[in-house]
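Please read it with the sequence and the structure in view.

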Amino acid sequence: MASQYTVAHQRSATGIPTSKLALWWLLCSEIVIFGGVLASYLMFRLTHPEWSFDASHTNTMAGSINTFVLLTSSLFAVLAHHAAEMKDGPKAARYLMMTFGGGLLFLIIKGFEWSFEISHGYTITASRFWSFYYTAAGIHASHVIAGMIIMLWVANTARKGKDLHRVENVGLYWHFVDLVWIFLFPLLYIAK
Amino acid sequence: MIEMLRPQVSSFAGEIDSLIVMVTLIVGFWYLLTKGMFLYLLMAFRAKPGQKAQYITGKEKHLKKWVTIPHLVIILCDVVLVAGAVRVWYNVKQFMPEAEQTIRIVGQQWAWTFVHPGPDGELDTDDDIAMIDELHVQAGVTYHFMLESKDVLHDFSVPVFRLKQDAIPGRRILGWFKPEVAGEFDIQCAEMCGIGHGIMGAKLYVETPEQHAMWVNDNSLTEVAAATQTEVQR
Amino acid sequence: MSEAAVHPDGHEHDHHDHEMTFVEKWIFPLDHKYIGKQYLFTGMVMALFGGFLAYAFRMQLAWPGTDIPLFGHMSPAEYNAAVTNHGTIMIFWVAMPVLIAAFGNFLIPLMVGADDMVFPRLNRLSYQVFLLSAIVIVASLFVPGGGFGGAWTAYPPLSAVAAYNLTPQGSTMWLLAVALEFIAFLIGGINFITTAMNSRAPGMTWEKVPMVVWMICIASILFMASVGPLMAGAVMLLFDQTIGTGFFDPARGGDPILWQHLFWFFGHPEVYVVLLPATGMVAEIVPTFARKKLFGYKTVLFTAIGTGVLSFFVWAHHQFIAGIDPRMANVFTITTVLISIPIAEMMFLYIATLYGGSIRFTTPMLWALGFIFAFLIGGVTGIPLGASGADIYFHDSYFVIAHFHFTFFPIAFIGTFAGLTYWYPKMFGRMMNETLGKIHFWGTMISFHCLFIPMFVLGLAGQHRRIYDFTNFPELGVPFLQDIRVFCTSALLVLLAFQFVFLYNFIVSMFRGEKASENPWNANTLEWATPSPPGHGNFKEFPNVYRGPYEYSVPDRESDFWPQHHPA
Ligand code: HEA
Ligand code: HEA
Ligand code: CUA
Ligand SMILES: [Cu+2]
């Protein structure tokens, strides 16, 4: 095929670029998924005061550091977007790699945190609170991993100066992942 | 009409049946009207040679009223429907009349256990009569029931009572009924509960006061009651 | 935006130039028309499978315990698995893929005047995930322990604990298949919505978009907005099944009712997800053959949106007697009865479209009218169920079964047949046989009514669902009721027999049918402005749009139709 894109893709009747429009719809569908998890959790939490005992065993410190790590990585995503606007592909790629690094750090901290908790008997089956704790954070972490993989790919094309609009899109996705954590953190760690 | 298919045995069966009839009449009227109109238009406007269809956008006031007015009337009908439904619902499920007797119903894969109060009329005393897949009640007496489940969801359903209620493990659900006609009837489980769901039936015996007294007497004099009870608890 | 900017180096011609190979068409297609057909054929195969399951368990109900031809003896566990998978397959692997994915794929790019979907690769991925899910659900019936038998609603703890359902592998595979199917449709839905929003031909403003495109998009949005919580629930249920968390297990502090809320919060909007595309197709077909403008385009649109919005507030009408707070039932009765308002309005508008028309009873038109005819019964019988007091008696009885087959069958089969016979010339370049089409129509309609109307009576007689042998119950085993069951099953056999007329017509016409012209029905929408079947890239010259899709019989014009792309 002569072009990577269909005519359909290149049209923009709404004025929003096609890939960005699709991304927004993707985020909408993700919001309801996390909405479902959080609503279920809240329903339990509000009717089971005894959960706060379990919750007090979460590692608030690790959680706060991770919040900070994710927020920083989001900042790099913004910088990458900025560089892409300036048509500076290599620079955008570098920033994306820093965002990627943030994601990696997040996962490493999470890994230590979880192994510590699991070794102390707080496994996913220990109580309903811990079931939610691992499930909600696990679904979130899988999004972090997916975002990181896409980021590697986008960084690779951006380095060659191609498809720079994707930098903004992956950044948007990353902000969303970040935002979900901003909801999870207080609900799982702080509410005691 | 429904009582021809299934007799009305509880105090509220008639009420539920009349609600069904009322709803059927209202929606049936609209259904027939709509379908009549539909079929009439199909006949009246079938293609005829040399005749062109009219150009109508749907904004014409004199035509639009044919849709708008019925539509408004339906909203009115909806109010009547809701009022009827909520009234019956309140009487059957929300409002609990004073109990004269209380029974416990326990569902498990795939049998029902009915714990009747014994001669003393009190539940959870030594003379309780527990029975598997048999419920004995006395006509004219208002019963409360406590519905429980040991494993999965079940549903205590008595078609002749027009009564249905899910049993949920870990919860105790309260309800009531008042049988009015003596006889032998079916109890069915109405919630999918596994392989044996299809055979999870039980018998309901609605008895006259004399019969019931005799039954209570028979089952409390002998050791049967105690035996069944330990059997059930095991 | 000017056309030149849209395709800067004129490469759109490349799309037409080369003939696609077999692999490019059928194995790894990127072309939306072939992906649509893949969905269609997969859906048809699954329909035959779901129909076979229905045949098997209906035979068991009519003649309990006897050997069923082509199936053999049916055990209670097999009965449950057959019913569960029949329901799941018919909804998720027949109605959804055919109505949304097959027609959505085929129609949206053509009707909005584009060359393809915005993301062809994603589109292909969506089908591949879907195909995988179909394989998993079919395979789940053959694993040790048998297929999942806990009903399509999969209420825990039964579905969550292998010791209760006794199908450890079947239930997990069932859940995985459903989750995969959801993913496939999320991907597909994003593609549909984005294409319809962004790739419309110049001049096609929102009130000039054909109704079926609107309906498929609204349906996709509904799906997207409702399925999320159930996706979360599915993960939770999967963990309950496999690693022993207890989200839904009351013995360990979980809550089985939570699943019901998650399920029905999706489950109710889901019924409108399949309803809307079917009504959309009816909205295309009725104006074409009545040679009339659709009565009140915008109102139809608002009724669809209204139905969609309201559908999020009615879910607990499936749980009236499930042990929720009885006061909640009153709220949900009100919302449920309210939903009759937009749907009644929509039906009235379709019927009003007939007024003043010049109606031609071709096969597609017969199916479209048949849809309205049958769906009205399904719709009005939803009201007694929504009336909480009456639902105490009707819940989980055959009245419910009859109600929803009178909605689902019109949608999944009658509506699909309407769409298929209407767009067949465009899909395969040939016409279907009208005589066979009409035989199929009358045979199906009559046997369908004979099949399900008696089930209302069974429901009124207090017969419950999901029971494999009613002769076990003294009240239900009486000859009068058993005769009705035999009658239903016989009607099903007739119904099935007539489907072979369709299959014959469908397959043979593909090769022998009369060659179709570009616009055999003299219709207005853009898909008729390109050869039948359209080549790769769809349009030789991308059309501009000058008017709405339903300008039939405009006064002072020679012909009684006025295609959207003809300049004034
Ligand atoms: C596509 C499928 C579809 C559609 C469109 C509908 C439409 C409706 N359904 Fe149905 N329903 C199902 C599929 C569907 N349903 C399924 C699958 C189940 C069972 C699930 C299970 O348990 O397995 C079910 C079960 C179900 C229940 C639960 C029953 C129970 O288990 O106890 C209820 C209760 O309220 C209900 C109500 C309604 C209502 C009010 C509508 C309304 O949308 C109908 C509105 C339409 C009309 C009303 C007709 C047009 C109007 C007129 C002609 C005007 C006259 C009308 C009035 C005066 C009111 N449905
Ligand atoms: C779209 C939904 C759909 C459709 C179309 C059907 C179609 C049919 N259904 Fe089913 N049914 C359900 C959804 C559906 N059903 C659901 C959700 C349940 C509840 C399950 C549960 O309780 O968990 C159920 C349950 C159910 C029961 C209750 C079982 C019980 O509770 O014990 C019965 C009983 O008679 C039944 C019968 C039938 C019959 C005879 C058909 C016939 O109409 C089928 C006829 C088949 C065909 C006509 C196929 C022919 C194929 C082709 C012609 C190929 C071409 C196809 C295309 C172009 C698409 N169904
Ligand atoms: Cu117990 Cu079904
Ligand atoms: Cu519903």
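## Terms and basis

The model is a predicted one.

## The shell around ligand 2

By that division, the shell around ligand 2 consists of 27 nonpolar, six polar and three charged residues. Five helices of chain C, namely α4 (32–62), α5, α17 (398–428), α18 (434–460) and α19 (479–512), each supply at least two residues of this shell, and α17(C) gives the most, with 11 residues. Of the 36 residues around the ligand, those that come nearest are R58(C), Y79(C), H86(C), H405(C) and R466(C).

Several polar approaches to the ligand can be described atom by atom. An N or O atom in the side chain of H405(C) is 2.7 Å from a nitrogen atom of ligand 2, whereas for R466(C) a backbone N or O atom lies 2.6 Å from an oxygen atom of the ligand. A polar side-chain atom of Y398(C) lies 3.4 Å from an oxygen atom of ligand 2.

## H86(C) in its setting

H86(C), one of the residues that come nearest to ligand 2, is found in helix α5 of chain C, which spans residues 76–112. With a relative accessible area of 11%, H86(C) is buried. Leaving aside neighbours within four places in sequence, H86(C) is in contact with G50(C), L53(C), A54(C), F57(C) and H405(C), and H405(C) is itself among the residues that come nearest to the ligand.

## The interface of chains A and C

The contact between these chains involves 38 residues of chain A and 51 residues of chain C. Together the two chains bury about 3,600 Å², 72% of it on carbon and sulfur atoms. R11(A), W25(A) and R128(A) supply 21% of the area that chain A buries against chain C, more than any other three residues.

Between chain A and chain C the count of salt bridges is zero, while 13 residue pairs are found in polar contact across the interface, with both residues at pLDDT 80 or more. On the side of chain A that touches chain C, the elements giving two or more residues are α1 (7–10), α2 (18–47) and α6 (128–159) of chain A; α2(A) gives the most, with 14 residues. The residues on this side of chain A divide into 20 nonpolar, 16 polar and two charged.

## The interface of chains B and C

Chain B brings 81 residues and chain C 94 residues to their contact, and the two chains bury about 7,600 Å² between them, 69% of it on carbon and sulfur atoms. Two salt bridges are found across this interface; the side chains of R171(B) and D255(C) meet in a salt bridge with an N to O distance of 3.0 Å. The count of residue pairs in polar contact, both at pLDDT 80 or more, is 25.

On the side of chain B that touches chain C, the elements that each supply at least two residues are α1 (2–5), α2 (13–44), α3 (61–94), β6 (154–158), β7 (163–167) and β9 (183–189) of chain B. The most comes from α3(B), with 17 residues. This side of chain B is made up of 46 nonpolar, 16 polar and 19 charged residues.

## Salt bridges within the chains

Side chains of opposite charge can pair when their charged atoms come close. The structure holds 17 salt bridges over all chains. One of them joins the side chains of D17(B) and R162(B) at 2.7 Å, N to O. Because D17(B) lies in helix α2 and R162(B) in the loop between β6 and β7 of chain B, this pair ties together parts that are 145 residues apart in sequence. Both D17(B) and R162(B) are buried.

In chain C, the side chains of D396(C) and R465(C) meet in a salt bridge of 3.2 Å, N to O. D396(C) lies in the loop between α16 (388–394) and α17 of chain C and R465(C) in the loop between α18 and α19, so the pair ties together parts that are 69 residues apart in sequence. D396(C) counts as buried at 4% relative accessibility, and R465(C) counts as buried at 11%. In chain B, salt bridges that share partners join R104(B), D124(B), E148(B) and R172(B) into one network.

Note on methods:
Residues numbered from 1 in each chain as written. Chains lettered and ligands numbered in written order. Predicted model: local features only at pLDDT ≥ 70, side-chain atom pairs only at ≥ 80, totals over all residues. Heavy atoms only, no water. Contact = heavy atoms within 4.5 Å. Buried area = accessible area lost by both parts, 1.4 Å probe. Salt bridge = Lys/Arg side-chain N within 4 Å of Asp/Glu carboxyl O. Polar contact = N/O pair within 3.5 Å; in protein donor to acceptor, adjacent residues only side chain to side chain. Helix = DSSP H or I, 4+ residues; strand = E, 2+ residues; numbered from the N terminus. Nonpolar A, V, L, I, M, F, W, Y, C, P; charged D, E, K, R; others polar. Buried < 20%, exposed > 50% of the residue type's maximum accessible area, 1.4 Å probe, protein only. Near = heavy atom within 4 Å.
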